[in-house]
Amino acid sequence: MTDQRFPFLRLPDDLRLKVLQTTEHLEIFAFSFTSKKAYSIVQDLRLPISHILITIEKRQPQLIVRFGYLWVSFLWRLSRNNKRMTNLNDLPARVEVSNRNGMIPFIWSDQGKSIAEWIQHLCSILQSEKCCGADFHVYRNIEFDIPTLRNVFPKIGSIDIVFRQEQEANEHENLLAQNFLKAFLPDVQKLRLEHVRLGEHFSIGDFGMANLKELKLSYPRNLRVDDLLIMNAENITIAGANLAEISLRDLNRFFKLWMKGSNPKLKGLKVWWETNTIPDLNVMLKGLKADEAEIEEGSVMFKIRNSNGVLAGIRSQRLGTVVYVEFQKLARRIGGGGGGIEALGGGIGGGGGGIGASERMEVESKDRRWWRWNRRIGADGGGIGGSELVEVESKDRRWWRWNRRIRAGGGGIGGSELVEVESEDQSWWRWNRRIGAGGGGIEGSEVVEVESEDQSWWRWDRRIGGGGGGIGGSELMEVESEDRSWWRWNRRIGGGGGGIGGSELVEVESEDRSW
Amino acid sequence: MSSTEQGTSSAAPAEPTTAPESAAAPEVPESFYYVHGKDKVVHKVSAGALQHSALIHGMISNLGYTEEQAKANPFPFENIDGDILQMVVDWCNQHKGKPTPPEDTNLPKQKEKLFDLVLAVNYLEIKELLTYCCKQVAMMVKGKSPEEIREIWMIPTDAEDEAAEKEAKKRAGKEAAGETAAAAGDAK
């Protein structure tokens with residue numbers, strides 16, 4: 001033990017706070033166990049957690065707290081002879097605490113607390129409402145009743161219930177799993193069931209009616225396509241489905257029923273099987289009257305529409321022995337119009353010999369994780385020959401790219417191509433775009449700056465100088481997004497010689513970016 | 001402490017030393033101020049070094065002392081021990097006009113003085129030094145268990161806290177009773 005001493009609690013409050021702000025999370029947790037006063041000081045810190053994951057498992061129950069990319073793990077060892085946890089009142093023999101991969105963990109004593117008290121202590125410091133997840137492993141010789149579970153755990157946003165694989169369910173385990181579900185289902189938004197046997201562990205009615213954001217069934221047994229029809233979750237994933245229970249023919253039936261109006265809340269369905277046979281996609285698409293649209297090289301989306309006019313896309317992929325089918329609800333369609341640009345947000349007036357037609361096909365955002373659109377501006381007159389903004393796509397918001405091609409027209413723009421814009425970690429991005437002078441067309445064009453600090457806002461100015469017979473002038477005045485919940489822009493293209501007479505995209509606005 | 005162009009300390013205000021002559025372009029002569037702590041030992045510090053302290057910098061700006069006035073009226077910091085003030089003055093001199101590095105190796109090493117140093121630095125509003133000191137306090141418990149932290153940071157147990165609270169209540173009760181008795185005696 002060190003001989004250093006420092007009377008920490010004699011410091012004034014503001015200095016205590018300053019010291020704790022420079023102390024690492026692991027030591028702050030340790031400090032919280034030293035006394036009630038210290039616990040209260042740490043509670044007042046309101047540590048900025050991003051997620052807590054509690055794993056209730058027979059030999060190594062664990063709690064991991066995440067602070068962005070930093071984390072602290074508490075692993076409760078029950079005893080040296082591999083004792084199993086029988087209930088939450090068990091006292092751990094020691095607690096292994098770590099905050100880096102590969103480190104030798106620090107060993108703490110049980111602090112005179114049972115596992116339940118440890119969970120309560122840590123969660124009460126962290127004020128973990130809505131950012132807490134829990135994995136419950138179902139096994140014999142463990143007792144959890146609903147009041148205890150509700151009392152010990154905070155409100156949990158997502159739970160995983162993990163059943164033992166390939167073993168007969170017994171009454172005790174079924175009851176235990178029911179208790180996990182009943183204790184937390186009212187608050188849960190994401191539910192994952194692993195190795196669940198429907199009709200034995202749970203009936204579909206036990207969880208299917210819940211208004212879940214996400215339901216994931218990993219390696220389920222006894223799951224039928226009829227079960228999918230009564231599920232109320234917005235997104236359903238069936239990982240490791242049994243081809244004998246849910247086949248492509250079954251999915252075909254499901255899609256047909258969706259087209260007739262079933263599962264109106266469903267936004268996405270992902271199913272994958274492991275199989276050595278090459279599936280016949282025609283079986284899945286039979287009778288759907290799907291429109292085919294290529295979205296990426298080698299990947300085709302089939303579009304179907306339900307009785308309410310809602311559009312959805314179906315994609316399928318085969319990776320090794322895994323066959324993957326994804327169904328995704330798409331956003332509404334805004335149709336294109338006649339001579340001018342007819343409908344795009346607030347309306348765009350038609351130009352003389354300018355842009356013939358415009359159609360914003362799709363703008364879509366799934367919980368703000370990705371979005372895409374296609375926009376086509378048909379060729380006309382002596383103006384811009386053709387323009388196509390092919391794709392803007394963002395997977396989990398980490399990257400996106402697009403291609404935009406404005407083909408050379410008569411007297412129009414010589415050539416322009418914004419090939420790729422890509423952002424890793426999305427923390428900032430900027431670019432310069434230059435369009436070289438064309439024949440008699442636009443003299444020069446430059447997107448000067450697009451910049452995003454922590455994604456909270458972005459704007460740009462674009463100016464295209466007037467040229468000879470081409471577009472007189474074009475200015476994309478501003479694109480701005482406050483906390484990314486909405487955005488709008490004004491674009492004005494002044495009249496030029498033989499080019500586009502006049503065009504104004506007045507406003508495009510998106511509330512919560514869902515469309 | 002020997003007299004230097006940056007700082008000096010003596011029992012009485014020292015004669016200001018001659019400002020260093022620069023071989024290059026002529027510079028404005030640096031002004032000096034004087035501070036003393038509980039031990040009354042006066043430290044001569046340049047205005048540049050004192051800029052680290054928001055408190056002293058504010059006093060200098062508000063008072064508008066001339067060199068002579070400053071010499072005759074050293075700033076008194078009676079609540080700061082002489083050796084602590086010496087540490088602070090040394091740190092300010094070492095970091096005069098320099099950007100402060102993220103890790104400061106010039107911090108006082110005596111851990112037993114750290115508490116007084118933190119309070120003094122907080123009082124004098126020396127932001128960078130306070131940050132370093134707080135980091136030092138935090139580093140004392142790095143990788144320690146709750147039991148070790150309790151010992152290093154001298155955290156009383158709950159039982160000790162309760163006993164101290166009871167004792168404080170008892171004392172407050174006695175003092176209140178004494179005051180009542182004294183008031184009654186005065187009334188008679």
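What share of the contacts in chain A with a separation of 6 or more comes from residues 24 or more positions apart? The share is 51%. Keep in mind during the tour that this is a predicted model.

**Stop 1: chain A as a whole**

Chain A has nine helices and 28 strands. Now switch to a surface. Of the 515 residues in chain A, 50% are buried.

**Stop 2: the nonpolar core**

In soluble globular proteins, nonpolar side chains tend to be buried together. Here the largest nonpolar core contains 145 residues. Select A:F8, A:F29, A:F31, A:F74, A:F153, A:F207 and B:W153, which are the residues with the most contacts inside this core. Next select residues 115-126 of chain A, which form helix α4. This helix gives the core eight residues, the largest share.

Which residues does A:F153 touch, leaving aside its neighbours within four places in sequence? The contacts are A:I54, A:I56, A:L88, A:I119, A:F136 and A:F184.

**Stop 3: between chain A and chain B**

Colour the two chains separately. In chain A, 31 residues are in contact with 32 residues of chain B. The size of an interface is often given as the accessible area lost when the parts come together. For chain A and chain B this buried area is about 3000 Å², with 69% from carbon and sulfur atoms.

The count of salt bridges between chain A and chain B is two. To see a salt bridge between side chains, select B:K142 and A:E24, where N and O are 2.8 Å apart.

**Stop 4: salt bridges within a chain**

Side chains of opposite charge can pair when their charged atoms come close. Over all chains the count is 16 salt bridges.

Select A:R197 and A:E200. Their closest N and O atoms are 3.3 Å apart, and the two form a salt bridge. Buried or partly exposed: what are these two partners? A:R197 is buried, at 11% relative accessibility, whereas A:E200 is partly exposed, at 37%.

Move on to A:R315 and A:E326, a salt bridge with its closest N and O atoms 3.5 Å apart. A:R315 is in strand β14 (residues 311-319) and A:E326 is in strand β15 (residues 322-329), 11 residues apart. Both A:R315 and A:E326 are buried.

In chain B, select B:D81 and B:K38, whose side chains form a salt bridge at 3.2 Å, N to O. B:D81 lies in the loop between β4 and α4, and B:K38 in the loop between β2 and β3, so the pair ties together parts of chain B that are 43 residues apart in sequence. B:D81 is partly exposed, with 29% relative accessibility, and B:K38 is also partly exposed, with 48%.

Finish this stop with A:R77, A:R94 and A:E96, which are joined into one network by salt bridges that share partners.

**Stop 5: the cysteines**

A disulfide is a covalent bond between the sulfur atoms of two cysteines. How many disulfides are there over all chains? The count is zero.

Select A:C131, which is in no disulfide. The nearest cysteine sulfur belongs to A:C132 and is 6.9 Å away. A:C132 is in no disulfide either, and its nearest cysteine sulfur, that of A:C123, is 5.0 Å away. For a disulfide, the two sulfur atoms would have to be within 2.5 Å. A:C131 is buried, with a relative accessible area of 16%, and A:C132 is buried at 2%.

Key: Residues numbered from 1 in each chain as written. Chains lettered and ligands numbered in written order. Predicted model: local features only at pLDDT ≥ 70, side-chain atom pairs only at ≥ 80, totals over all residues. Heavy atoms only, no water. Buried < 20%, exposed > 50% of the residue type's maximum accessible area, 1.4 Å probe, protein only. Helix = DSSP H or I, 4+ residues; strand = E, 2+ residues; numbered from the N terminus. Contact = heavy atoms within 4.5 Å. Core = buried A, V, L, I, M, F, W, Y, C linked by side-chain atoms within 4.5 Å. Buried area = accessible area lost by both parts, 1.4 Å probe. Salt bridge = Lys/Arg side-chain N within 4 Å of Asp/Glu carboxyl O.
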